[in-house]
Amino acid sequence: MSSESRPPFNHAKEWVMTEPPNPDFTFGQEVSATEEGREWLKGLEGGFESIDASKTDPGTLYKIMIAGIVPRPVAFVSSVSEDGVENLGLFSWFNQVLTPQSVRSFITSEPAFKVSPNPPVISISCSNYATRVKDTVRNIRATKGFTVNIISHPFVQNANACSIDAPPEISEWALSGLTKEPSTYVKAPRVRESAFVMECELLKTVDIVEPGSLKATNTLVLGLVKYFHMRKDTLDPVRGIPDPGKLKPVARLGGVSYARLADGYQIPRPAWESEKNRIKETLGEETVTGKGQTQ
């Protein structure tokens with residue numbers, strides 16, 4: 001379908017929370033128990049397309065991975081060189097690695113959940129040129145700081161402007177029409193229009209070496225988040241955390257496709273202590289414990 005024949009973007013569509021796809025799920029229930037599940041399983045009749053990654057050209061692997069590993073978060077990475085030259089890059093190879101988190105205590109009499117002391121760490125992955133690393137990696141290694149700025153729908157095309165293959169002397173900031181905002185901790189500016197920003201200090205870089213050529217084709221950057229900046233009107237008024245309906249984050253799909261969050265649902269994580277008796281009644285003691293099963 002060409003862009004001319006597609007309907008216009010629906011700006012009025014609102015984020016809504018719905019029931020999960022199978023609100024009546026019980027432990028051990030097979031996928032075929034629901035109509036949607038049965039329709040999904042019909043696809044098995046056509047079999048699988050299995051590909052040996054070692055025998056497939058890199059271009060095909062790239063297309064497969066970006067289309068299959070979806071949706072991905074999208075963000076700007078803002079960095080600055082030792083000489084003060086600022087760079088703004090568009091990244092969908094970005095995610096969280098480590099966060100302070102609630103961890104269940106299974107073997108003690110402590111409360112069911114406690115907060116672990118993990119530091120907040122994010123990652124970005126940057127492909128390298130044939131003869132050098134890209135400006136983002138070079139800048140981060142030199143000045144040890146950068147910002148990660150989440151992209152929202154009202155400025156997604158401003159963001160896309162930063163992906164142009166412009167020569168080094170051309171500023172992505174000028175092309176994007178976005179606004180620089182001074183950071184609190186790092187030298188690199190943040191994007192004023194972004195409603196969720198992380199100021200990061202370089203924790204480590206890891207060169208990803210291609211086994212055949214032994215060349216570093218990609219660099220993984222790990223950053224320790226030192227400051228968060230969250231626009232107040234996008235926060236949940238009760239919980240004080242970003243509300244997806246207000247943040248309007250962009251999701252990256254395959255090719256040049258993007259998506260938005262339209263519907264959400266909650267599925268509480270089950271706790272063994274409160275569910276174990278019901279699980280054993282439904283599935284049987286031997287099924288749950290594995291006793292009596294033969295290899």
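**View 1. Lys 180 and its partner across the chain.** Lys 180 is partly exposed, with a relative accessible area of 40% (buried means under 20%, exposed over 50%, and partly exposed in between, using a 1.4 Å probe and protein chains only). What does Lys 180 form with Glu 86? The two residues form a salt bridge, and their closest N and O atoms are 2.4 Å apart (the term asks for a side-chain nitrogen of Lys or Arg within 4 Å of a carboxyl oxygen of Asp or Glu). Lys 180 sits in strand β10 (residues 180-181) and Glu 86 in strand β4 (residues 86-91), so the pair ties together parts that are 94 residues apart in sequence. Glu 86 is also partly exposed, at 26% relative accessibility.

A word on the model before you zoom in further: this is a predicted model, in which local features need pLDDT of at least 70 and side-chain atom pairs count only at pLDDT 80 or more, while totals for chains, interfaces and linings use all residues. Residues are numbered from 1 along each chain as its sequence is written, and side-chain values use heavy atoms, with hydrogens and water left out.

**View 2. A strand meets a helix at Asp 207 and Arg 141.** Here the side chains of Asp 207 and Arg 141 join in a salt bridge, at 2.9 Å from N to O. Asp 207 belongs to strand β12 (residues 196-209) and Arg 141 to helix α3 (residues 135-143), so this pair ties together parts 66 residues apart in sequence. Helices (H or I, at least four residues) and strands (E, at least two) are DSSP runs, numbered from the N terminus. Asp 207 is partly exposed, with a relative accessible area of 39%, and Arg 141 is partly exposed as well, at 28%.

View 3. Where do Glu 273 and Lys 276 lie? Both are in helix α7 (residues 272-283), 3 residues apart, or about one turn of the helix. Glu 273 is exposed, with a relative accessible area of 59%, whereas Lys 276 is partly exposed at 24%.

**View 4. Stepping back to the whole protein.** Searching the whole structure gives 8 salt bridges, and the protein has 8 helices and 16 strands. Of its 295 residues, 28% count as buried. Among contacts (heavy atoms within 4.5 Å) between residues at least 6 apart in sequence, 61% join residues at least 24 apart.
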